[in-house]
Amino acid sequence: MERITKGEAVVKLTDVSFQYEEKMVLDQVAFTLERGDFVGIVGPNGSGKSTLMKLILGLLSPTKGTVELFGQPLSKFRDWSRIGYVAQQVAHGAGGFPATVREVVASGLVAKVGLFRRLKAHHHEKVRDAVERVGLTAKLDQRIGSLSGGQLQRVFIARALVAEPELLILDEPTVGVDQESIEQFYSLLRSLKEENGLTMMIVSHDVGVMTQWVNKVACVQKKIHFHGTAHEFAHNHEQILTQMYGDSVKLLSHHH
Ligand SMILES: Nc1ncnc2c1ncn2[C@@H]1O[C@H](COP(=O)(O)OP(=O)(O)OP(=O)(O)O)[C@@H](O)[C@H]1O
């Protein structure tokens with residue numbers, strides 16, 4: 001598998017518009033994610049963040065414009081194991097589900113192994129390795145219902161990493177995680193990114209914390225209102241957020 005070198009586009013959206021029936025959700029969006037980026041996506045409720053992710057994951061097709069993944073048009077892209085996805089979780093929604101950490105993480109190999117194939121020894125090795133990378137080796141055979149919100153999120157990260165993706169996409173992964181664990185969570189993401197040479201994209205409403213850990217920020221509300229370094233965002237965030245959210249920007253100020 002040819003790995004793209006730093007600076008090249010892992011994701012490229014050109015002039016992308018998307019509408020659900022009559023409703024225009026994204027309007028002529030240009031967006032590039034370069035290899036090695038850790039991008040935080042910011043925007044109010046209903047501003048099109050999840051839609052942007054679904055377009056990148058191939059779950060939706062643009063009404064207009066083109067999406068390219070690893071230099072290939074979406075229609076030709078096949079190797080989805082290059083992209084890991086951590087879906088939005090309902091807090092502790094998986095609590096009653098009687099699967100162990102090992103089983104949940106192994107389910108991340110479906111794209112590689114096939115749904116009904118038996119896992120081989122080297123697959124079990126990958127599962128143990130992914131669990132170790134998120135620091136949950138001691139919980140390998142515990143049921144996920146017994147874990148805290150923060151631990152559960154790490155299980156989902158391990159599941160997304162087990163197939164060794166190059167791009168990891170996370171949709172509001174800190175919902176249901178307590179404030180103290182959120183910092184640990186971002187710290188883990190950053191070290192996973194560095195150790196594995198990952199490109200990452202994260203949507204989160206905890207803007208104040210998130211923007212301290214990412215290196216780029218993109219603000220989405222139908223269009224891309226801002227796309228730059230986290231440093232540039234930090235210097236202009238009041239202006240950028242007021243433009244998007246109005247007065248509620250004050251809600252964020254206690255983080256700074
Ligand atoms: N399947 C659908 N059919 C019709 N409209 C939809 C559908 N999914 C989303 N929408 C609408 O599209 C808009 C953008 O939704 P999207 O989920 O992308 O926003 P978001 O920024 O991720 O929001 P949130 O922060 O609340 O998760 C919203 O107005 C939403 O109501």
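**The shell around the ligand**

Guide: Helix α1 gives the most to the shell around the ligand, with 3 residues. The model is a predicted one, and the distances below are computed from it. The shell holds 13 residues, of which K23, G46, K49, S50 and T51 come nearest to the ligand. By class, 3 residues of the shell are nonpolar, 7 are polar and 3 are charged.

An N or O atom in the side chain of K23 is 3.4 Å from an oxygen atom of the ligand. For S47 the backbone takes part: one of its N or O atoms lies 3.0 Å from a ligand oxygen. K49 again uses its side chain, with an N or O atom 2.7 Å from an oxygen atom of the ligand. On its own the ligand has 630 Å² of accessible area, and the protein covers 63% of that. Two elements give two or more residues each to the shell, namely β2 (23-34) and α1 (49-56).

The largest pocket has a volume of about 290 Å³. Its lining consists of 15 residues, and I83, Y85, G108, R159 and A160 lie nearest the centre. β6, α3 (110-113) and α5 (149-161) are the elements that give two or more residues to this lining. Of the elements, β6 gives the most, with 4 residues. Sorted by class, the lining has 10 nonpolar, 4 polar and 1 charged residues.

The second largest pocket has a volume of about 160 Å³. Among the residues that line this pocket are S148, Q151, R154, D178 and F185. Here α5 and α6 (179-196) are the elements that give two or more residues. The lining of the second largest pocket has 3 nonpolar, 7 polar and 2 charged residues.

R82 is found in the loop between β5 (72-73) and β6 (83-86). Its relative accessibility is 5%, so R82 counts as buried, the cut-off for buried being under 20%. The side chain of R82 also makes a polar contact with the side chain of E166, at 2.7 Å.

Key
Residues are numbered from 1 along each chain as its sequence is written. This is a predicted model: local features need pLDDT of at least 70, side-chain atom pairs count only at pLDDT 80 or more; totals for chains, interfaces and linings use all residues. Side-chain values use heavy atoms; hydrogens and water are left out. Buried means under 20% relative accessible area, exposed over 50%, partly exposed in between (1.4 Å probe, protein chains only). A polar contact is a pair of N or O atoms within 3.5 Å; within protein, one must be able to donate a hydrogen and the other to accept it, and residues adjacent in sequence count only if both atoms are side-chain atoms. On a 1 Å grid over the protein atoms alone, a cavity is a set of points where a 1.4 Å probe fits but cannot get out, and a pocket is an open set with protein on both sides within 12 Å along at least five of seven lines; lining residues have an atom within 4 Å of a point. Grid points are joined across faces, edges and corners, and a volume is the space filled by probe spheres set on the points. Ala, Val, Leu, Ile, Met, Phe, Trp, Tyr, Cys and Pro count as nonpolar, Asp, Glu, Lys and Arg as charged, and the others, Gly among them, as polar. A residue is near a molecule or strand if one of its heavy atoms lies within 4 Å of it. Accessible areas come from the Shrake-Rupley method with a 1.4 Å probe; for residues, only the protein chains shown count as cover.
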